[in-house]
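Please keep the sequence and the model at hand.

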Amino acid sequence: MNIFRLSGDMSHVFSIIVLLLRLRVAKNAQGISVRTHELFLVVFVTRYLDLFTTFYSLYNSCMKILYIVTTAAIIYMIRFSEPICSTYDKAQDTFLHWKFAVLPCAIIATITHMIGSGLSISPIELLWTFSIYLESVAILPQLIVLQRYREVENLTGNYIFFMGAYRALYILNWVYRAYYEPFYQHHFVVYFCGVLQTLLYADFFYYYVKSKAKGGKFSLPTAHES
C-alpha cells in the first residue's frame, strides 16, 4: 500500500467521522442528503461482495465493513432517529436517485460488462462495475441540496471536502501504481469514473478553499451569481 492509497482511505474515514459527529452532537440533519448515503450504501454492498469469497487482508476487510456499517448507521439516524430525523428536510432532498442514478448506472454497467467479457455475465464482476459507475454520481443529491441551501454549515463542508479529497488521492494512487508496479492492471472504467467524480467536486472545492482563506462563512453562489 502506498501513501496516496492510505491517505485516501483515511480521508474517507475522516469524512464519515465528521458527519457522524455532526449528527450526534448537533442532532441536526439540515443540509444533509440521505439519498446520497443510500446511493453510497448500494455502492458498498454491491462492491464488497468479495467479503464472502476472498480474503485480502485484515485491513481491507475491516475498511469494507466499516464503510457499510457506518453508512447504514447514517441513513438510520437521518431517517428514523429522533430528534435528528425531524430536522431532515425532504423538500430539499428531491433528486430521484433510483430513477436517475441507479437505473442508468445499472444499464451502462451491464452493457460495458458484456462488451468487456464477450457477452458472458459474472454477477459479482457486473455488480462491481455497477458500483464504480454509481459511486461517480452518488454525491449529486448532496451537492444539489447544498446548492439549494447555499450557506453550508462548517462540519458539513468539511465532510464533503474530505469525501472529495478521498477520490482525488485515489487518482494519485492509480498514477503511482501505474508508474511503480510493473504488472499493474489498468482499468479505464475506474479511471473515467474517478475523474468524473472528482470533477463534480471541483466547484465545491473552489468555494470551500476560498471561504477558508477569507475566514468567513461558507456559502455557494446562486446560478445567476456563478
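The text below covers helices, their contacts, and then the cysteines.

This is a predicted model: local features need pLDDT of at least 70, side-chain atom pairs count only at pLDDT 80 or more, and totals for chains, interfaces and linings use all residues. Residues are numbered from 1 along each chain as its sequence is written, and side-chain values use heavy atoms, with hydrogens and water left out.

**Helix spans**

Helices are DSSP runs (H or I, at least four residues), numbered from the N terminus. The expected span is 1.5 Å times one less than the number of residues.

| Helix | Residue count | Expected span | End-to-end C-alpha distance |
|---|---|---|---|
| α3 | 23 residues | 33 Å | 32 Å |

For α3, the reach is close to the expected value.

**Buried faces**

Buried means under 20% relative accessible area, with a 1.4 Å probe and protein chains only. In α1, the buried residues include Gly8, Asp9, His12, Val13, Ile16, Leu19 and Arg22. Their cover includes α2 (34-47), α3 (58-80), α4 (84-87) and α8. In α3, Asn60, Met63, Lys64, Tyr67, Ile74 and Ile78 are among the buried residues. The buried residues of α3 pack against α1, α2 and α4.

Leu169 lies in α8. Contact means heavy atoms within 4.5 Å. Leaving aside neighbours within four places in sequence, Leu169 touches Phe4, Ser7, Gly8 and Ser11. Thr94 is 75 residues from Leu169 in sequence and 30 Å from it in space, C-alpha to C-alpha.

Helix α8 (residues 154-180) also packs with α9 (residues 188-200), at an angle of about 145° and with axes 9 Å apart. Axes are lines fitted to C-alpha atoms over the stretch in contact, and angles run from 0 to 180 degrees between N-to-C directions. From α8, Arg167, Ala168, Ile171 and Trp174 take part. They meet Val190, Tyr191, Gly194, Val195, Gln197 and Thr198 of α9. By class, this contact of α8 with α9 has six nonpolar, three polar and one charged residues.

**Cysteines**

How many disulfides does a search of the whole structure find? The search finds zero, a disulfide being a pair of cysteine sulfur atoms within 2.5 Å. Cys193 is in no disulfide; its nearest cysteine sulfur, that of Cys105, is 7.6 Å away. Cys193 counts as buried because its relative accessibility is 2%. Cys85 counts as buried too, at 17% relative accessibility.

Conventions:
Helices (H or I, at least four residues) and strands (E, at least two) are DSSP runs, numbered from the N terminus. Ala, Val, Leu, Ile, Met, Phe, Trp, Tyr, Cys and Pro count as nonpolar, Asp, Glu, Lys and Arg as charged, and the others, Gly among them, as polar. Buried means under 20% relative accessible area, exposed over 50%, partly exposed in between (1.4 Å probe, protein chains only).
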